[in-house]
Amino acid sequence: MLRAISLAQSGIDSNAGGPFGAVVVKDGEIVGEGFNCVTSTNDPTAHAEVVAIRQACQNLGSFQLNGCVLYTSCEPCPMCLGAIYWARPDKIFFACTREDAAHIGFDDHFIYDEIERPIEERHIKSISFLREKGLTVFEKWANKADKTKY
């Protein structure tokens, strides 16, 4: 956890992005780490947890983090939480809470609320069309014999 917090400070010191850091550990060794670099890379997905997950997966040669533990300087936002669940580490440890983050201007409450809203009531309009065409690809995936399941 101290490394994750140190990375959060490194992100601030380098003007990379917000005050967040994360590490992925497997068998007592750091296999991935990162700090928030949203503003320095112009990448809204470059949150510390996502950066650390990407690095860990690259280093482990796997798209899943079974047997790993994620340490993050703050409770993950909805996007990072989704990425963490897709990566499937065994456990998450976090220092600051989402309420702590909201107090310094990183309030994800709006996103949590949006997820709960019916699609037609969300602030960013989402419109489904060409569903039948899309479903043909899904059908091909469902029938693909040599797919890698995840």
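## The sheet

The four strands here make an open sheet with the order 2-1-3-4 and mixed pairing. Strands count as paired if DSSP finds at least two bridges between them, and helices (H or I, at least four residues) and strands (E, at least two) are DSSP runs numbered from the N terminus. Strand 2 (29-35) and strand 4 (91-96) are the edge strands, each pairing on one side only. On average, neighbouring strands of this sheet are turned by 15 degrees against each other, direction ignored; such angles run from 0 to 180 degrees between N-to-C directions, with axes taken as lines fitted to C-alpha atoms, for helices over the stretch in contact.

Before going further, a word on where the values come from: this is a predicted model, in which local features need pLDDT of at least 70 and side-chain atom pairs count only at pLDDT 80 or more, while totals for chains, interfaces and linings use all residues. Residues are numbered from 1 along each chain as its sequence is written, and side-chain values use heavy atoms, with hydrogens and water left out.

Strand 1 and strand 2 run antiparallel and are joined by six bridges. As a reminder, strands of a sheet pair through backbone hydrogen bonds, either parallel or antiparallel.

## Two asparagines with positive phi

Most residues other than glycine have a negative phi. N15 has a positive value, near 55 degrees. This residue is placed in the loop between helix 1 and strand 1, and N15 is exposed at 64% relative accessible area. The cut-offs are under 20% for buried, over 50% for exposed and partly exposed in between, with a 1.4 Å probe and protein chains only.

N42 is not a glycine either, yet it has a positive phi of about 55 degrees. Look for N42 in the loop between helix 2 (38-41) and helix 3; its relative accessibility of 71% makes N42 exposed.

## Aromatic pairs

How many aromatic pairs does the count come to? The count is four, where rings of Phe, Tyr and Trp (its six-membered ring) pair if their centres lie within 6.5 Å, and planes under 30 degrees apart are stacked, over 60 edge-to-face and the rest tilted. One of them is the edge-to-face pair of F20 and F106, at 4.9 Å centre to centre and 90 degrees between the planes. F20 lies in the loop between helix 1 (2-13) and strand 1 (21-26), and F106 in the loop between helix 5 (98-103) and helix 6 (109-116), so this pair ties together parts that are 86 residues apart in sequence. F20 is buried at 13% relative accessibility, whereas F106 is partly exposed at 32%.

F63 and Y150 also form an edge-to-face pair, with 5.8 Å centre to centre and 75 degrees between the planes. This pair links distant parts of the chain, 87 residues apart: F63 is in the loop between helix 3 (48-60) and strand 3 (68-74), and Y150 is in the segment after helix 7 (131-143). F63 is partly exposed at 45% relative accessibility, and Y150 is exposed at 62%. Together with W86, F63 and Y150 form one aromatic cluster.

## Cysteines

How many disulfides are there? The count is zero, with a disulfide taken as a pair of cysteine sulfur atoms within 2.5 Å. For C74, the closest cysteine sulfur is in C96, 5.5 Å away and too far for a bond. C74 is buried, with 5% relative accessible area.

C80 is in no disulfide, and the nearest cysteine sulfur, that of C77, is 3.7 Å away. C80 is buried too, at 1% relative accessibility.

Helix 7 has 13 residues and reaches 18 Å from its first C-alpha to its last, close to the 18 Å expected, a span computed as 1.5 Å times one less than the number of residues. Helix 7 is hardly covered, as the count of buried residues in it is zero.

Q64 sits in the loop between helix 3 and strand 3 and is buried at 19% relative accessible area.
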